[in-house]
Amino acid sequence: MKFPITVALAAMLLIPTVSRGKDLPRSTPEEQGISSAAVLSFVEAADSQFDSLHSFMLVRHGHVVAEGWWAPYHAEARHSLYSLSKSFASTAIGLAIEEGKVSLHDPVVKFFPEDVPAAPSDHLQAMRVSDLLRMATGHQSEPLRTDSVPWTRSFLEHPVPFKPGTHFLYNTSATYMQSAIVQKVTGVKLIDYLRPRLFDPLGIENPQWETSPQGISTGGYGLSIRTEDIARFGQLYLQKGKWNGQQLVPEKWISEATARQTATGSNPASDWDQGYGYQFWRCRHGAFRGDGAFGQYCVVLPELDAVIAITSGVKNMPDVLNVVWDRLLPAFHAEPQAPNPEATAKLKQTLASLRIPPQTGAAMPPKILGKQYAIAQNKHQLEAVRFESGPSAGEVTISLRCNGTEYPTVCRSGDWTRGRTAFSGGASQPVAVSGAWTADDTFTAQYCFYETPFTATVRFKFTGDEVLADCQYNASFGPAADFKLRGTTGPSSSDK
């Protein structure tokens, strides 16, 4: 899977009235028994401790009491959920069970006879749908997913050394198999199966889900929706599957999916050791959650009748939950609190001013404007870069040519501007850019890909007729440094 990259421009609002028809109702914190001062303490702590928190929404008694986006992220932008997608995928299994299309006890091999090895092991034949859901497939390592072999076949051919149900292994391929099963028994992709049953009733508009080379929703990752959509999903589970008087998801499934189905450790201070349900984690404080890489969270607190939705691009996910427990839990009270206009106003102002710091600088640029630098052939498919004066004073337009297409983006010091670009061999996607001359020979640009957790900082250093570009991401599955490329004003190997 290629790196996505993230960004969105927006403000944070705290609105004491009901907003658009499909949105959750809004309220002040005090009306729902929450201290504005305590919520402010959380926001300030999160803002100072994490440099890549992207959004936060707190729902109490079904009302949004605080919400914010770190610009350039914004309320209307979808955000890739990574493994938080798993909780949505398992919901589809629950619905398919209710419709009689599948059973928890069905053998996995039953659905894919064409991909089962000639001599399947006893453990493979014993693997059930329930084992996929609770990450207890019996694998010692996760099956690979490549373009050359159907992912269902890779899964079924992978060794199963443990008896299914006895060994926990976090396993994204197991969630893909759930998606493949849904498509097999319904004839439609996972996303299309969920659309009339979950997304449409919840008012989740235009969800996006990546697909495998075989045209199957990836299941364990790849879903992109808005922050409020995450909160709605959590509220649905908090309400035991009911929404506007309709039972969208069976209450029995909600109870089973969020209960401890598998042991994951014994550390009482770790939110990853509280057990695992059907694609939901158990948490401390009686909570449960869906979560995804780099800090995508849907935290449900049944004892407090609350939901917390967070998107981010952090490196250490446990730290985010620790701040939630330390700062937000003390904010909750059983009864409505006396109005606190001063604290509420300060919270609203703080939420409205949140942003990821843009690039700044004030060095004098070298005489490079209008020159095109051809970049030697590389795996990132970046072929050339050109710097020109922007449409307004102080702005610079950077044009990247990627895989034969040119993508100009305007950037300036101390601010974010939106556009589209392709990056590191990926497809064109929305981006917000800021940039400035940070030395007399160096232009530093930040590319915030606001529909993903990622921001790339690219430094262009000019020497004579050459430019050296190096890129670093805010977070990654591997090394943070992504590439170092050299360009010249003469022909490159990619031009030959």
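Q: Which ring does Arg418 lie over?
A: Arg418 lies over the face of Tyr450, 5.7 Å from the ring centre. A charge counts as over a ring if NZ of Lys or CZ of Arg is within 6 Å of the ring centre and within 35 degrees of the ring normal. This is a predicted model, where local features need pLDDT of at least 70 and side-chain atom pairs pLDDT 80 or more, while totals for chains, interfaces and linings use all residues. Numbering starts from 1 along each chain as its sequence is written, and side-chain values use heavy atoms, without hydrogens and water.

Q: And what sits over Trp272?
A: The charged end of Arg289, at 4.2 Å from the ring centre.

Q: Switching to ring pairs: how many aromatic pairs are there?
A: The whole structure has 30. Rings of Phe, Tyr and Trp (its six-membered ring) pair if their centres lie within 6.5 Å; planes under 30 degrees apart are stacked, over 60 edge-to-face, the rest tilted. Tyr82 and Phe477 make a tilted pair, 5.9 Å centre to centre with 55° between the planes.

Q: Are Tyr82 and Phe477 buried or exposed?
A: Tyr82 is buried at 7% relative accessibility, whereas Phe477 is exposed at 58%. Buried means under 20% relative accessible area, exposed over 50%, partly exposed in between (1.4 Å probe, protein chains only).

Q: Which residues form an aromatic cluster?
A: Phe88, Phe199, Phe233, Tyr237, Phe280 and Phe288 form one.

Q: What about Asn378, buried or exposed?
A: Buried, at 17% relative accessibility. The Asn378 side chain reaches the backbone oxygen of Leu382 at 2.7 Å, and one of its polar atoms lies 3.0 Å from the backbone nitrogen of His380.

Note on methods. A polar contact is a pair of N or O atoms within 3.5 Å; within protein, one must be able to donate a hydrogen and the other to accept it, and residues adjacent in sequence count only if both atoms are side-chain atoms.
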